[in-house]
There are 2 protein chains.
Amino acid sequence: MQRYFLNQTLDTNQFELVKDTDTYQHFGRVLRAKVGSQAEFVDQQQRLVVAKVDSIDAEKMALTIVKELHQQVELPVAVTLVVSPLKNDRSDWLVQKATELGVSRIVFTRMARSVVDWQKQAAKKQVRLEKIALAAAQQSHRLVVAKIDLLKVEQALQIKADMALVAWEESAKEGESSRFVQEISTLKTGQSLCLWFGPEGGLSSYEIQQLVQADYKPVGLGPRILRAETAPIYALSGISVLTELQ
Amino acid sequence: MQRYFLNQTLDTNQFELVKDTDTYQHFGRVLRAKVGSQAEFVDQQQRLVVAKVDSIDAEKMALTIVKELHQQVELPVAVTLVVSPLKNDRSDWLVQKATELGVSRIVFTRMARSVVDWQKQAAKKQVRLEKIALAAAQQSHRLVVAKIDLLKVEQALQIKADMALVAWEESAKEGESSRFVQEISTLKTGQSLCLWFGPEGGLSSYEIQQLVQADYKPVGLGPRILRAETAPIYALSGISVLTELQ
């Protein structure tokens, strides 16, 4: 069943979708909802319901809640990714996949070796990436939409979390291979984790120093060289396997 | 350092690259190799060496092996993915990412609900996907290039492996959540694993029956709905975390 996120909190058993919303457009026009059609809706309080269409006209759609659903679909830990803007459509792709895999927040920040600069198009990029995150959250049946932020490095370094890890290739080369699993295994439900990843050309040694000073622990992510957009996906999958499938 | 796969076995300390090979073109033209330039080469026996250019002309490049490298970069288990052809560039993307994550073989097979049919362009598709796998193997510094096959379902069902698992959404809905980890944890180094994934619309119940009869065990991959191209990446990352990072 199709799932939509609502910009409202559901207080009663009835609610309306008005015509100038994406949800009205998609459910009404693309899926051609009729009286009796059903879909899932997540409100601003992460309340998940199935609702059916009572009436529909060119201006609005009236719906009644049929039942409430209780699903545990969010990662037990709130994961923030800090990544560099990436070339071509790789940032779009990263937002879509990270959302499917349960990320809470994705922070794009320009690093020393970043090859892409979004400064002149920041607002446009943010809108685009938020749309991708919303669509992916609906498609993967999540209860929250990942937050997208474009921050400066100094701001990103201020992010507070119960644990902070930085993916570092050299860590693997130095023979370290199990710190990622060890660290993730100590996380408790409800805690937060910030994961920092370098751009295509890797993190500079100055950046690693800065991150270590800010209490980031360097971790390796296996023996193969992963692209800048693959490493966060590997880490999120690993966190899910270690915290949801054990 | 750039890594290349060779179509030859290195018997002596010297070898040549001739001008009509991709490696000559890339190393010579794109990277503008000169006398003294070095690169890594993997031969047909997975022997990995660093070699330097002794001489170069319009016809060929002569190289001498400088040193031999011994790296453990392959997954401890040989993983075959069986997947459906996917829409747009999602098959390309899957081959690139799965190669980075250590896959041994990717089999594309048209399933009941596949929305894409490659029958008329099978040869062209295979060449394209093999090129993507080769580039990704070089970029991620692997020792083997993932094999790409386009097979019929009946042929894919004949694939022999020490363990066979099928990713099945309903498995997660039935409350099963730890079988994937349990099964992967029993695999020993050198064993083989075949992982079967459905197309965008999922596997039909007849297909699941067929797979179960062929000794595939259904496993869930967590509480969120993953796209057809994301599920294999999630599984490969999980296998790496469970077998390489523990």
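**Exercise 1. Pairing in a sheet of chain B**

Determine which residue of E5(B) is the bridge partner of B:Ala51, and describe the sheet around this pair in the predicted model.

*Solution.* 
Step 1. The bridge partner of B:Ala51 in E5(B) is B:Ile65.
Step 2. Consider next the two strands concerned. Strand E4 of chain B covers residues 48–56 and strand E5 of chain B covers residues 60–69. The two strands run antiparallel and are joined by eight bridges.
Step 3. Place the strands in their sheet. In chain B, five strands form an open sheet with the order E1-E3-E4-E5-E2, and the pairing is mixed.
Step 4. Identify the edges. Strand E1 (3–5) and strand E2 (14–18) of chain B each have a single partner strand, so one side of each is left without a neighbour in the sheet.
Step 5. Helix H1 of chain B, residues 22–30, touches E1, E2, strand E3 (38–42), E4 and E5 of chain B. The direction of H1 makes about 90° with that of E5(B).

**Exercise 2. A β-α-β unit in chain A**

Find the handedness of the β-α-β unit made by E7(A), helix H3 of chain A and E8(A).

*Solution.* 
Step 1. Strand E7 (residues 105–108) and strand E8 (residues 147–150) of chain A are parallel and joined by four bridges.
Step 2. Name one bridge: A:Ile106 has A:Ile148 as its partner in E8(A).
Step 3. Include the helix. With helix H3 of chain A, residues 122–139, the two strands make a right-handed unit.
Step 4. Chain A comes to eight helices and eleven strands, and 52% of its 246 residues count as buried.

**Exercise 3. Symmetry and core**

Describe how chain B is related to chain A, and say which residues of the largest nonpolar core touch the most other members.

*Solution.* 
Step 1. Chain B is superposed on chain A by a rotation of 180° with 0.0 Å of shift along its axis, at an RMSD of 0.1 Å. The two copies are thus related as by a two-fold rotation axis.
Step 2. Compare the contact surfaces. The same surface serves both copies, since 100% of the contact residues of chain B recur in chain A.
Step 3. Find the residue of chain B that comes closest to the axis: this is B:Gly238, with its C-alpha at 2.6 Å.
Step 4. Turn to the core. The largest nonpolar core has 88 residues, and A:Leu81, A:Phe180, B:Leu81 and B:Phe180 touch the most other members.
Step 5. Take B:Phe180 as an example. Not counting residues up to four places away in sequence, B:Phe180 touches A:Leu245 of chain A, and in chain B it touches B:Leu165, B:Val219, B:Gly220, B:Leu221, B:Ala235 and B:Ile239.

Key. Residues are numbered from 1 along each chain as its sequence is written. Chains are lettered from A and ligands numbered from 1 in the order in which they are written. This is a predicted model: local features need pLDDT of at least 70, side-chain atom pairs count only at pLDDT 80 or more; totals for chains, interfaces and linings use all residues. Side-chain values use heavy atoms; hydrogens and water are left out. A nonpolar core is a set of buried Ala, Val, Leu, Ile, Met, Phe, Trp, Tyr and Cys residues joined through side-chain atoms within 4.5 Å. Buried means under 20% relative accessible area, exposed over 50%, partly exposed in between (1.4 Å probe, protein chains only). Contact means heavy atoms within 4.5 Å. Copies are superposed by least squares on the C-alpha atoms of residues with pLDDT of at least 70 in both. Two strands pair if DSSP finds at least two bridges between them. Axes are lines fitted to C-alpha atoms, for helices over the stretch in contact, and angles run from 0 to 180 degrees between N-to-C directions. A crossover is right-handed if, with the strands pointing away from the viewer, the path from the first strand over the helix to the second runs clockwise.
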